[in-house]
Amino acid sequence: MKKMLFVFNPHSGKAQIKNSLLKIVEVFSAAEYEVTVYPTKAARDGYQHILENAGRYDVVVCSGGDGTLNETVGAILDYDGKKPPIGYIPSGTTNDFATSLNIPKDMVRAAQHIVDGAPEPCDIGLVNGKRSFNYVAAFGAFTEVSYATPQGLKNMFGHQAYVMEGIKSLTALKPYYMRIQTDTEEIQGSFIYGMVSNTESVGGMKGLTGTGIDLQDGLFEVTLIKEIKSPLDLQQLVTGFITQNFEKCDMVYSFKTNKIHFESVVPVSWTLDGEFGGEHKEVTYEVLPGAVEFLVKKRKGITNKLNKIN
Ligand SMILES: [Mg+2]
C-alpha cells in the first residue's frame, strides 16, 4: 500500500472541510492509500510536521488556503532526499493557483483528481534565495488588501472583499520609485503595483498576469502598473480592469523572466501568495524550475504542456 500524509487546516475557508473529510479519506482509501491525517494546530505547524516526516510518505496531500499550500511546498523543498508529489485540495476563498492547476473547487472531486492524476513538475518562486512562493509576489495597490483584510471578512465576503478594498484603495494609490533589473531589462520608474507571477489569474481576475502562461516553462510573468498621473491614465487603467485586457494598455508594462531584482529607496511591503511577505528595499525573485510535482489531471485538449493558454 502506498502511504499518504494528509495535512489540512481545519479552519480554512469557513471550516469547509468538516463536511467533506470522511468522503475525502474514503476516496484516498479506495485508491489503495494508507492515509495518515494531520490537522494543523497553528501557523507553521504544517511545515514542521511535513518536514519532520521526510522520507516516510509516497504522497503528501494538503488542504487549506494559500498559506497551507505555501507551507507544504516549502517543507517538500526542504527535503534532502526524494521529494514526494503533492496533492492539493483548496479550501480558501480565492484559489487562483488551484484554478491554474486545473484543480476542482469541490473538495471531494479535488481528492478524486489527486488519485486519478499524474505528477506534473511545477515551477516555484524563491525570494532572496530563502523563502518560497507558489504563484505570486506583489507590491502596491491591490496587494495590501488581501492581508489587510481580516480572516473573518475574507470568509464572509470571499472574493468580493478583495475587490471592494481594491476599488477603495484606487483613490489613495501610493507610487513607489523602483529600479528593476533582469538579465535583459533595466527599468526605472514609479509604479503603483508590481507583480511577479506564475498563474493564470490573481484575485480571481484573468488577463492581468500576461499571455502564454505556462506553470512549468521556467519563467515568471512580470506585470508593472505605472503611476497614475492624469485622469486619462486612470481611465486607461480602469478600462483594462473592466475588459480584463491589458495588452493595449500603456499603463501596464509586462514581460517574462526567470530572475528579477527590485530596488527602492524606501522599504516596500510585498505579499507572497496573498500573505504578508515582509518589507524590502532590495529583493530578488528567481524561478526554481520544476521544483515540485503536483498530482493533477491535465485539461482536455492540452497534451504536453500544463496550463498553456494561447
Ligand atoms: Mg511560468
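Let me start with a pair of strands: strand β8, residues 176-181, runs antiparallel to β9, and the two are paired over six bridges. What we are looking at is a predicted model, so please keep that in mind as I go on. Between β8 and β9 there are four residues, and the two strands form a hairpin; within the pairing, I180 stands opposite I187 in β9.

β9 has other partners as well. Strand β7, residues 136-140, pairs with β9 in the antiparallel sense over five bridges, and there G140 is found opposite Y193 of β9. β12 also pairs with β9, again in the antiparallel sense and over six bridges, with V222 in β12 as the bridge partner of V196. How enclosed is β9 by the rest of the structure? Nine of its twelve residues are buried, so β9 is largely enclosed.

The largest nonpolar core has 62 residues, and the members that touch the most others are F28, I89 and F294. Why does this core lie between domain 1 (2-116) and domain 2 (132-289)? It does so because both domains give residues to it. Leaving aside residues up to four places away in sequence, F294 has contacts that include L69, V73, I86, F97 and L101. There is also a second, separate core of 22 residues, with V127, F133, Y176 and I260 among them.

Finally, I would like to show you helix α6, residues 107-116, where M107, A110, A111, H113, I114 and V115 are buried. Among the elements that cover these buried residues are α2 (21-30), β2 (33-39), β3 (59-64), β4 (86-90) and β15 (275-296). The N-terminal end of α6 is capped by D106, which has a side-chain oxygen 3.2 Å from the backbone nitrogen of V108.

Conventions:
Residues numbered from 1 in each chain as written. Predicted model: local features only at pLDDT ≥ 70, side-chain atom pairs only at ≥ 80, totals over all residues. Heavy atoms only, no water. Core = buried A, V, L, I, M, F, W, Y, C linked by side-chain atoms within 4.5 Å. Buried < 20%, exposed > 50% of the residue type's maximum accessible area, 1.4 Å probe, protein only. Domains from an automatic or database assignment. Contact = heavy atoms within 4.5 Å. Polar contact = N/O pair within 3.5 Å; in protein donor to acceptor, adjacent residues only side chain to side chain. Pairing = 2+ DSSP bridges.
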